[in-house]
Amino acid sequence: MKTNNKKAGQKVQTSAIALLNLLLFFSASEKGLAQNGAGIIGIDHVGINVPDINQAVTFFSDVLGFIPVTQLGPIPLDASWKNLNHINPDTGEVTIKMINAGTGASIEVFQYANNKGSKQHPNSDDIGASHIAFYTTDINDAVKYLKSKGVKILGEPFLTPSGDTAGESWVYFETPWGSKMELVSYPNGKGYEKTNPKAVLWSPKNAITKSKSDTNNSINLVDNKILIEQHLQIWNEKDTVKRLALLNKTYDSDIEMVDRHFIATGYEEISKFILELQQKNPDFKFTVKTVETHHNIARLYWQFGSKTKPATVTGMDLFVIENGKVSKLYVFVDETK
């Protein structure tokens, strides 16, 4: 993310090839963890190409409630890479965003600059056509919600009456850029499960059952909210010594703060930026609008301004929390009207 030159692109390509080789030649002695001889143990992510990455991220986060976590690029692609991966030679650099999609695989969103590829989505019966299915506990409520957000639903939920998937309801919907996706629900299981099969399909509904780690989750959520409060104290604290003490208490020593215009790493760089911000706005203060936490992810909706105009600037901070401290901080500032 910090580099976007040709050499960075080559490093990414080399790393990808090395990872593929590692998977292909994984030791056969590890079969206890693997599903097959390649050493593959599951699906890490699903990748999709979109015309506008900002539109896609907004849809996944604001409508579906997912969390964008990492970004790579823009990365220039050399001619050999484009040829190997069937990319038009005149297509530009690629930007990649990885999104936490709740329980299950992540979603990797691609956007190619000056894209010379096909702009038309494949039809359902075209080779290569695909979709992503999202599990919901109540498909009718989910459909109502998506409709309220202006999402196009392709038909009505269909309940499978018999066969292996008896008891499953599903319906397709379209994203704002035209990709087809699916809602699916089977709260009482599927028909085939009643035959005591040797293998059972993985389901996110089974992964959300309460466990010991879930028992401690409410405690973690309280701790995370305390971290967010300390975060605000850091940005409002004008005493350098006190601010550094709070930084050490709240942030990981290698914390990375990612803004749309820059990246700051470590206490010193962040503290310097805070000081400059305070000097430019001596009467301004950060205050909370809302705070939301989800396991080790939290987001703070904030406002920044004076007593008479507290919401001069508004935005959202997204936190990744590890080992009781903030390790990543992504800053989103709302566009001024």
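1. Helices here are DSSP runs of at least four residues, numbered from the N terminus. With that in hand, and keeping in mind that this is a predicted model, start at Ser 271, which sits in helix H9, residues 266-280. Is Ser 271 buried or exposed? Its relative accessibility is 7%, and the cut-off for buried is under 20%, so Ser 271 counts as buried. Skipping residues up to four places away in sequence, Ser 271 touches Arg 243, Leu 244 and Leu 247.

2. Leu 247 turns up again in a core of 25 residues, along with Leu 246, Phe 319 and Leu 329 among its members.

3. Next, have a look at strand S13, residues 313-322. Most of S13 is covered, with eight of its 10 residues buried. S13 pairs with strand S12 (residues 297-305) in the antiparallel sense, over eight bridges. If you want a spot to check on screen, Leu 300 has Asp 317 of S13 as its bridge partner.

4. S13 also pairs with strand S14 (residues 325-333), again antiparallel and over eight bridges. Glu 322 stands opposite Lys 325 of S14. The two strands make a hairpin with two residues between them, and Asn 323 in the turn has a positive phi of about 55°.

5. Now for an open sheet of four strands. Their order is S5-S8-S7-S6, and the pairing is mixed. Strands S5 (132-135) and S6 (152-159) are at the edges with a single partner strand each, so one side of each has no neighbour in the sheet. On average, neighbouring strands of this sheet are turned by 20° against each other, direction ignored. S6 pairs with strand S7 (residues 169-174) in the antiparallel sense over five bridges, and Ile 153 has Phe 173 of S7 as its bridge partner. Helix H4 (residues 139-148) lies across S6, S7 and strand S8 (180-185), and runs at about 170° to S6.

6. Which residues touch the most other members of the largest nonpolar core? Out of 26 residues, they are Ile 48, Phe 60, Ile 107, Val 109 and Phe 173. Helix H2 (53-63), strand S4 (106-112), S5, H4, S7 and S8 each supply at least two residues of this core. H2 gives the largest share, six residues.

7. Last, a closer look at Val 109. Neighbours within four places in sequence aside, Val 109 is in contact with a list of residues including Ile 48, Val 50, Ile 53, Ala 56, Phe 60 and Lys 97.

Methods: Residues are numbered from 1 along each chain as its sequence is written. This is a predicted model: local features need pLDDT of at least 70, side-chain atom pairs count only at pLDDT 80 or more; totals for chains, interfaces and linings use all residues. Side-chain values use heavy atoms; hydrogens and water are left out. Buried means under 20% relative accessible area, exposed over 50%, partly exposed in between (1.4 Å probe, protein chains only). Contact means heavy atoms within 4.5 Å. Two strands pair if DSSP finds at least two bridges between them. Axes are lines fitted to C-alpha atoms, for helices over the stretch in contact, and angles run from 0 to 180 degrees between N-to-C directions. A nonpolar core is a set of buried Ala, Val, Leu, Ile, Met, Phe, Trp, Tyr and Cys residues joined through side-chain atoms within 4.5 Å.
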